[in-house]
Amino acid sequence: MKNVEIFTDGACSGNPGPGGWGAVLRYKTTEKEISGGSAKTTNNRMEMTAVIEALKLLKEPCTVTLYSDSQYVCNAISKGWAKKWRSNNWMRNKTEAALNPDLWEILLDLCDKHEVKVVWVKGHAGHPENERCDSLAVAQAKNYSY
């Protein structure tokens, strides 16, 4: 399988509010940047959308190293929380519904197609690819500000 690195970030002005996401995909020496946004969303939805849109671009099963500054995304994938939520009919526990089940359903299906290793990176700490993804996300969020 091909080894692909994916760097992602999401941004939101208000929570909810106008938001954006950005991702950088790298395979060997080739890089691709993607970004998008939404008029009314949350930061977590933008973080998840960045990962979803990046994984959707992979045309075959790959070994993916995913870099994200979102502990929500990283922990839910690497610690199996999201899979547990799904198996519990999108409940975090007996009384709390899991947030964003629509996006988690898509993201978990995409993760099942690839070997995904998650690496948490500290946001706004000078990590070049994370800073680039943040710039892409913030620019998109500004496009949806009113």
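In counting charges, Lys and Arg are taken as positive and Asp and Glu as negative, while His and the chain ends are not counted; each charge is placed at NZ of Lys, CZ of Arg, CG of Asp or CD of Glu. On that basis the chain has 19 positive and 17 negative charges, whose mean positions lie 3 Å apart. The model is a predicted one, in which local features need pLDDT of at least 70 and side-chain atom pairs count only at pLDDT 80 or more, whereas totals for chains, interfaces and linings use all residues. Residues are numbered from 1 along each chain as its sequence is written, and side-chain values use heavy atoms, with hydrogens and water left out.

The chain holds five helices and five strands, these being DSSP runs numbered from the N terminus (helices H or I of at least four residues, strands E of at least two). Read from the N terminus, their order is β-β-β-α-β-α-α-α-β-α. Of the 146 residues, 45% are buried, that is, under 20% relative accessible area with a 1.4 Å probe and protein chains only. Among contacts (heavy atoms within 4.5 Å) with a separation of 6 or more, 65% join residues 24 or more positions apart.

Within this order, strand S2 (residues 17–27) pairs with strand S3 (residues 30–41) in the antiparallel sense over ten bridges, pairing being assigned if DSSP finds at least two bridges between two strands. Leu25 has Lys32 of S3 as its bridge partner. Two residues separate the strands of this hairpin, where Lys28 adopts a positive phi near 55°.

Technical notes:
Buried means under 20% relative accessible area, exposed over 50%, partly exposed in between (1.4 Å probe, protein chains only).
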